[in-house]
Amino acid sequence: MLKVDHAAIIGGGFSGTLLAINLLRHGTLRVTMLERQGDRLGRGLAYGAAQAGHILNVRAANMSALPDSPDHFTDWLKQEGLGQEGSFATRRDYGAYLCAMLDKVRGQASDRLTIVTDEAVDLSLRDDGVHIDLRSGGGVDADIVALAPGNLPPHDLPAFAGLSGHSASYVDDPWAASIAEGLGPSDRVLLLGSGLTAVDCALSLDSAGFRGRIVALSRRGLAPQSHAPAAPYTARSDRPRGAASTLVRTLRSRSAEIGWRNAVDELRRFTQDMWRAASAEERSRFLRHLRPYWDVHRHRLAPQVAARLAAMQAEGRLEIHAAKVVEAVPHGRTLHVHLRRRGQDERETLPFARVVNCTGPLGDLRRTDDPLLRQLAIRGDIRPDPLAIGIDVDRQCHAIARNGSAQQRLFVVGPMTRGAHWEIVAVPDIRRQVWELAREITGAHWVEAEGL
Ligand SMILES: Cc1cc2nc3c(=O)[nH]c(=O)nc-3n(C[C@H](O)[C@H](O)[C@H](O)COP(=O)(O)OP(=O)(O)OC[C@H]3O[C@@H](n4cnc5c(N)ncnc54)[C@H](O)[C@@H]3O)c2cc1C
């Protein structure tokens with residue numbers, strides 16, 4: 001293991017912030033964290049772009065940022081006079097919790113933590129360390145660097161390519177504050193996608209007072225399911241084995257016994273191992289055929305969010321359809337969208353005052369415009385994982401170079417490591433990943449010492 005006196009972290013969202021906090025807790029090294037958007041520091045996209053009506057999709061009791069302190073978040077909520085037992089907190093409150101943690105660590109280790117508001121645009125790996133180039137022209141030298149870039153923004157669907165920034169009717173950022181600007185009650189809005197991002201967008205439009213119709217489209221027309229109180233059950237203790245088809249049969253029969261929510265939840269502690277054990281072909285088959293069904297059952301809505309969406313549907317203000325966009329043609333201040341409903345041959349054309357890209361994050365490194373990741377990929381310092389859903393890493397989060405070697409000074413954490421782990425999107429998984437990496441880097445996994 002390398003001797004690390006100074007670690008740099010690129011990205012100050014949940015993953016980067018918690019990696020910094022854990023490095024400072026478990027070791028005596030210095031940490032420099034770089035975040036290009038000052039208002040996202042500590043919060044990142046999920047908890048920094050959230051509006052008042054955006055609720056966590058995981059119960060507060062499972063949202064502690066520290067795996068060794070499971071009540072950390074609920075204790076904070078109580079201390080702040082927020083939330084109730086078993087409830088779902090708001091994403092804004094969760095962002096405030098993360099910032100409070102960061103502020104505390106900053107106070108305790110002010111000589112060891114440096115926060116820089118700047119963008120890392122390139123980095124070079126040397127035998128004795130790393131050098132990071134900043135957009136401002138400055139640089140940072142460190143012994144190691146961890147990339148915590150979060151998800152890459154979605155790409156425009158081919159029908160909307162070229163409209164971004166040129167047509168007020170097309171919005172490529174589903175969290176843009178101006179999402180409902182200029183819309184009237186007779187307008188219709190199209191959401192491209194019907195998953196969690198589309199849900200966020202529908203709630204933002206509703207909260208902004210939009211009273212027109214919202215149409216959400218996806219190929220299968222599946223929408224996220226809701227959390228509900230689950231009956232007690234005895235969870236299985238062994239990892240399910242076999243091909244994806246066997247697993248689907250097992251899931252179905254367990255659902256009949258203990259309910260589908262419990263059947264999905266009991267797999268949670270095995271999913272990373274199941275993914276690693278699966279062949280490349282099985283993983284790819286899962287992505288092609290099962291992923292949409294898995295996603296809507298695994299990543300659920302807080303009951304109050306599901307109730308709000310159901311009310312919007314009942315009022316005729318929200319529709320979810322299985323359809324594919326074929327073409328989009330600007331027409332005055334609207335976009336005429338040609339679509340084909342699932343199972344039908346004929347096209348349908350509908351005018352929309354606004355179309356919002358809610359297709360979800362891009363994981364394909366080969367298509368990214370991000371300057372840093374592009375440079376690293378072009379030079380072969382990082383490479384896409386075999387399924388092109390993220391950055392290739394080993395079990396210890398070392399980036400894998402194009403030649404297949406593990407980079408000793410370059411780590412990657414967060415959702416972009418999904419090719420290696422699959423289940424690495426939500427807080428419970430990322431908090432474990434960054435905690436383990438911090439303990440590995442600081443050597444705390446050998447001794448039970450804690451720096452703070
Ligand atoms: C809308 C949304 C809601 C979610 N809700 C939940 C939930 O309720 N419960 C749950 O468990 N999980 C939830 N998640 C999942 C999970 O919490 C997030 O995926 C997690 O917060 C990811 O954090 P991150 O730091 O990896 O990425 P991000 O939050 O995207 O942060 C990455 C940061 O890196 C910065 N950055 C990137 N490149 C550079 C660079 N070159 N230089 C400097 N800075 C850079 C960006 O500006 C950004 O602030 C949600 C995710 C999203 C997107």
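Before the first pair of residues, one bit of bookkeeping: when I say two strands pair, I mean that DSSP finds at least two bridges between them. And keep in mind that this is a predicted model.

So, which residue is the bridge partner of L123 in β5? That's I132. The strands involved are β4, residues 120-126, and β5, residues 129-134, which run antiparallel and are joined by six bridges. Go along to R126, and you'll find G129 of β5 standing opposite. Between β4 and β5 there are two residues, and the two strands form a hairpin.

Take H131 as an example: its bridge partner in β6 is D141. β5 and β6 make a hairpin too, with four residues between them. Look at the turn there and you'll see G137, which has a positive phi of about 105 degrees.

Okay, let's zoom out. The protein chain has 13 helices and 16 strands. Its radius of gyration is 22 Å, close to the 22 Å that the globule rule gives for 452 residues, so we're looking at something as compact as a globular protein of that length. If you want a box around the C-alpha atoms, taken along the principal axes, it's roughly 65 × 55 × 50 Å.

On to the sheets. There's an open one of six strands with mixed pairing, and the order reads β3-β2-β1-β7-β16-β15. At its edges sit β3 (113-117) and β15 (398-400), each pairing on one side only. On average, neighbouring strands in this sheet are turned by 35 degrees against each other, if you ignore direction. And what packs on this sheet? Helix α1, residues 14-26, which touches β1, β2 (30-35), β3 and β7. The direction of α1 makes about 170 degrees with that of β2.

Inside that sheet, have a look at β1 (residues 6-10) and β7 (residues 144-147): they pair in the parallel sense, over four bridges. I9 stands opposite A146 of β7.

There's also an open sheet of seven strands, mixed pairing again, with the order β8-β14-β9-β10-β11-β12-β13. Here β8 (170-171) and β13 (348-352) are at the edges with a single partner strand each, so one side of each is left without a neighbour in the sheet. Further in, β9 (residues 188-192) and β10 (residues 213-218) run parallel and are joined by five bridges. L192 stands opposite L217 in β10.

Last topic, domains. The assignment gives domain 1 as 6-153 + 362-442, domain 2 as 158-224 + 301-357, and domain 3 as 244-298. How far apart are the C-alpha centres of domain 2 and domain 3? They lie 29 Å apart. As for contacts, five residues of domain 2 meet four residues of domain 3. On the domain 2 side of that contact, you've got three nonpolar residues, one polar and one charged.

Happy to go back to any of the views.

Definitions and conventions
Residues numbered from 1 in each chain as written. Predicted model: local features only at pLDDT ≥ 70, side-chain atom pairs only at ≥ 80, totals over all residues. Domains from an automatic or database assignment. Contact = placed C-beta atoms within 7 Å. Nonpolar A, V, L, I, M, F, W, Y, C, P; charged D, E, K, R; others polar. Axes fitted to C-alpha atoms, helices over the stretch in contact; angles between N-to-C directions. Rg over C-alpha atoms; globule rule 2.2 N^0.38 Å.
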